[in-house]
Amino acid sequence: MLYIDPEACVDCGACVSACPVGAIAADTRLTDKQLPFIELNAAFYPKREGKLPPTSKLAPVIAAPNVTARPGGPLTVAIVGSGPAAMYAADELLTQRGVRVNVFEKLPTPYGLVRAGVAPDHQSTKRVTRLFDVIAKQPGFKFFLNVEVGKHLSHADLLEHHHAVLYAVGAPNDRRLDIDGMDLPGTGTATEMVAWINGHPEFTDLPVDLSHERVVIVGNGNVAFDVARVLTTDPDVLARTDISDHALAVLRNSKVSEVVIAARRGPAESAFTLPELIGLTATCDVVLDEADHQLVVADLARETDPLTRNKLEILAKLGNTSAPLTRPRIRLAYRLTPQRVLGEDRVTGIEFGVTGTDQVRTLDAGLVLTSIGYRGKAIADLPFDDDVAVVPNDAGRVRGASGAYVAGWIKRGPTGFIGTNKSCAAQTVHQLVDDYNAGLLTDPVHKASALDKLVRTRQPAMVDAAGWQAIDAAEIARGGEDRPRDKFTSVAEMVAVAATAPKPTVRQRLTASLQAH
Ligand code: NAP
């Protein structure tokens, strides 16, 4: 996902220490698992006539927005949501002195899918929260956590207190597979499972039964990989992560010996990304059956795209299903179109049509999960395109709703990795700032100090930055020496811990009040 131009790089190493997720390492210090990335990076900058090309593949740098001060107070923006798109948007706005950003989040804890969506065995990815912590500490940034827009506050309330409202609410639902049997006990979605694994408070009671030998996951994107990895990884390894205690307890008693990831198309059309395939094959036993190996060979013979070829070459080297089972394994299966889930009282298997043929194939399974993508949800008072499940927008400006903007998955659909949201958010912020500079945004009707009062009246259990820091510190302390943190999984528990946060001193209250005026 990240390439370094060997010609432009001056080997200063600054990026290695600055990268919040440890994604950059010196080529001399790579682990065996990381070695394939040397070749991938080199292939991205192919040699031409023995000489490296100039830095033609550098991404264009998006300049910081330039806010022109206007009468009516500093630019004040409400951001709804606190995941990567929200935090990158806040950061972009706060590059300008005097701008104020208020971030509203439904849960008492911030950072959206980084906390509740990134798999617990990907702790280095979760380290991006350190960058978000730095953003949240900038002057002008304020958290309003445990506050739901649409319940405690309306869009109109937010517009009365801000020049603009930027929604970065992601895509909270799943795409549903419309086949018979999807309502049987023992069916579910991979995204719900990820939320359960990560201790999201709304998914703690998810009934996850792992008392059968096989799990089938429909769809082969990165989310399917995340779930399959967690289901096949030694629980003692997971116990050193921030996985929820309830998920770990179920995984310790798991009887699952095989997770089949079933794709409806062929190997060349696999939805997972190359870095995730490299990561999966480096940590888990991944196999293919003989017929699928032949599909890989056939695809390799005609594929020309270098990245897809890289994927196929890795698939071609995978072991066979006939190998003896020594630990739980993952099987990648192709050309299987789901037709119906089998079972009377609960799931016993799933029936597929072999794509492009009349043949039918049945797989026994005790758990059938769909992993066919996330889906955006309509936002009150904003237009919604139900077909693609996004808010219709032009580069982030919501169509037909002055003062409303979108960034992240609710703007462009559920694709891309965390970093994709940086340029996405920057683009939206540019439109917003242009509109502000052009005098198209209405000034807030209330003083800044009135917002705090309004929110506390509507939601007395509002959690502020100090409250979140108390939750964060308590979770890290509970994690002890072996785990990065032990998460609270109930909102009531989180709110109680937030209430133990030290109250602001008179001096801090005075400074805040002066800033608000
Ligand atoms: P995804 O990458 O869009 O994959 C969806 C899968 O579902 C595809 O295999 C697709 O097959 C299949 N599918 C869709 N409709 C189907 C149907 N009706 N029947 C059978 N199969 C169907 O979705 P995702 O895995 O949820 O990931 C969402 C985004 O988050 C992706 O951009 C992903 O890369 C990103 N993500 C990244 C990471 C990471 O970087 N580590 C981790 C997690 C997620 P077709 O291709 O045939 O439609």
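This is a predicted model: local features need pLDDT of at least 70, side-chain atom pairs count only at pLDDT 80 or more; totals for chains, interfaces and linings use all residues.

Residues are numbered from 1 along each chain as its sequence is written, and side-chain values use heavy atoms, with hydrogens and water left out.

Helices here are DSSP runs (H or I, at least four residues), numbered from the N terminus. Helix 3 (residues 84–93) and helix 6 (residues 128–136) have axes that come within 10 Å and cross at roughly 40 degrees. Axes are lines fitted to C-alpha atoms over the stretch in contact, and angles run from 0 to 180 degrees between N-to-C directions. Helix 3 and helix 6 are therefore oblique to each other; angles under 35 degrees count as roughly parallel, over 145 as roughly antiparallel, 65 to 115 as roughly perpendicular and the rest as oblique. Pro-84, Met-87, Tyr-88, Ala-90 and Asp-91 of helix 3 make the contact with Val-128, Leu-131, Phe-132, Ile-135 and Ala-136 of helix 6, where contact means heavy atoms within 4.5 Å. By class, this contact of helix 3 with helix 6 has nine nonpolar, no polar and one charged residues. Ala, Val, Leu, Ile, Met, Phe, Trp, Tyr, Cys and Pro count as nonpolar, Asp, Glu, Lys and Arg as charged, and the others, Gly among them, as polar.

Helix 9 takes part in the next two pairs. The axes of helix 8 (residues 190–197) and helix 9 cross at roughly 50 degrees and come within 9 Å, so helix 8 and helix 9 are oblique to each other. On helix 8 the contact is made by Ala-190, Thr-191, Met-193, Val-194 and Ile-197, and on helix 9 by Val-223, Val-227, Val-230 and Leu-231. That contact has eight nonpolar, one polar and no charged residues.

Helix 9 (residues 222–232) also packs with helix 12 (residues 274–283), at an angle of about 15 degrees and with their axes 11 Å apart. That makes helix 9 roughly parallel to helix 12. Asn-222, Phe-225, Asp-226 and Arg-229 of helix 9 meet Glu-276, Leu-277, Leu-280 and Thr-283 of helix 12. By class, there are three nonpolar, two polar and three charged residues in this contact.

Which residues come nearest to the ligand? Of the 22 residues around the ligand (a heavy atom within 4 Å), these are Asn-220, Asn-222, Arg-264, Arg-265 and Gly-416. A polar backbone atom of Asn-220 is 3.0 Å from an oxygen atom of the ligand. Arg-264 has a polar side-chain atom 2.8 Å from an oxygen atom of the ligand. For Glu-276, a polar side-chain atom lies 3.1 Å from a nitrogen atom of the ligand.

Definitions and conventions:
A polar contact is a pair of N or O atoms within 3.5 Å; within protein, one must be able to donate a hydrogen and the other to accept it, and residues adjacent in sequence count only if both atoms are side-chain atoms.
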